Amino acid sequence: MSVLRNLEAKLAGLVEGTFSRAFKSEVRPVEIARKLAREMEQHKVASLSRTYAPNEFVVWLSPKDREQFAGYEAELRRELSGYLLEHARRERIALLTRPAINFETDEDLRLGEFGIQARLVRGAGDDAAEEPSQGDHGHTMVYSTSDRLSEPLREPDPRRRAARLRVDGRTSVLPSAGAVLGRSREADVQVDDANVSRKHAELRPSGASWTVRDLGSTNGVKVNGRRIQGAQSLRQGDTITLGTSDIVFELEQGS
């Protein structure tokens with residue numbers, strides 16, 4: 001979802017810059033944002049003239065994951081609320097109030113697992129003639145980061161510059177720990193191309209540079225027109241081809 005771009009940029013300074021060694025096995029803020037949007041869409045309710053979506057969310061985290069956000073939780077709630085508000089506007093979904101997100105700890109969750117409860121709640125004094133309600137928080141949908149390829153945690157190489165991708169006329173900032181590219185809404189960078197697999201490729205930091213790797217896609221990955229085998233190092237301006245889509249890899253200018 002392209003609206004993740006602005007959130008990624010904000011969180012890069014707010015959280016991911018501080019926890020640059022983290023988010024390999026821990027929960028990433030952008031993962032929470034993506035799943036919140038998914039829950040919003042999964043629980044839409046149609047009325048006579050509008051489609052409403054949940055406006056209250058509880059995010060359940062393991063104790064260790066919640067520790068990652070200590071001191072940043074209030075800011076993170078505000079950024080996630082703004083992201084969901086923008087997502088609803090873009091998707092023409094009606095909200096009864098500004099989205100509210102609360103974090104809770106669940107001792108039964110393991111590192112990298114998080115649950116989301118969503119509900120649709122009327123604001124005080126709202127006219128209930130047409131507006132639906134879903135009552136109390138219901139079933140908790142549990143997500144996991146375990147499908148992310150495992151790599152040993154390490155401090156970032158100070159020589160490595162931040163990177164971004166240009167795809168479909170938009171720019172996506174790469175999180176410090178890398179990203180999965182694909183057609184799925186669950187991909188970190190979504191590529192709207194029928195020839196692209198749901199989880200097609202991943203970009204990861206490697207030493208002072210970045211690499212791209214095929215994730216077992218149907219049509220493979222090309223860099224500058226050549227199909228790659230294994231991990232391929234990337235340079236400024238390289239063109240990554242997934243399906244029929246060309247993605248330009250760019251490095252931020254060093255200070």
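This is a predicted model: local features need pLDDT of at least 70, side-chain atom pairs count only at pLDDT 80 or more; totals for chains, interfaces and linings use all residues.
Helix 4, which spans residues 73-90 and comprises 18 residues, reaches 26 Å from its first C-alpha to its last, close to the 26 Å expected at 1.5 Å a residue. Its buried residues are Glu 73, Leu 76, Glu 79, Leu 80, Ser 81, Tyr 83, Leu 84, Leu 85, His 87 and Ala 88. In an α-helix there are 3.6 residues a turn, so residues three or four places apart point the same way. Helix 4 is followed by Arg 92, for which phi is positive, near 55°.

Five strands form an open sheet in the order 10-9-11-12-15, and the pairing within this sheet is mixed. Strand 9 (residues 179-182) and strand 11 (residues 201-206) run antiparallel and are joined by 3 bridges; Ala 179 has Leu 203 as its bridge partner in strand 11.

Ser 245 belongs to strand 17, which covers residues 245-251. Because its relative accessible area is 9%, below the 20% cut-off, Ser 245 is classed as buried. When residues up to four places away in sequence are not counted, Ser 245 touches Val 191, Asp 193 and Ile 240. With Asp 193, the side chain of Ser 245 also makes a polar contact of 2.8 Å, which joins it to the side chain of that residue.

Note on methods: Residues are numbered from 1 along each chain as its sequence is written. Side-chain values use heavy atoms; hydrogens and water are left out. Helices (H or I, at least four residues) and strands (E, at least two) are DSSP runs, numbered from the N terminus. The expected span of a helix is 1.5 Å times one less than its number of residues. Buried means under 20% relative accessible area, exposed over 50%, partly exposed in between (1.4 Å probe, protein chains only). A polar contact is a pair of N or O atoms within 3.5 Å; within protein, one must be able to donate a hydrogen and the other to accept it, and residues adjacent in sequence count only if both atoms are side-chain atoms. Contact means heavy atoms within 4.5 Å. Two strands pair if DSSP finds at least two bridges between them.
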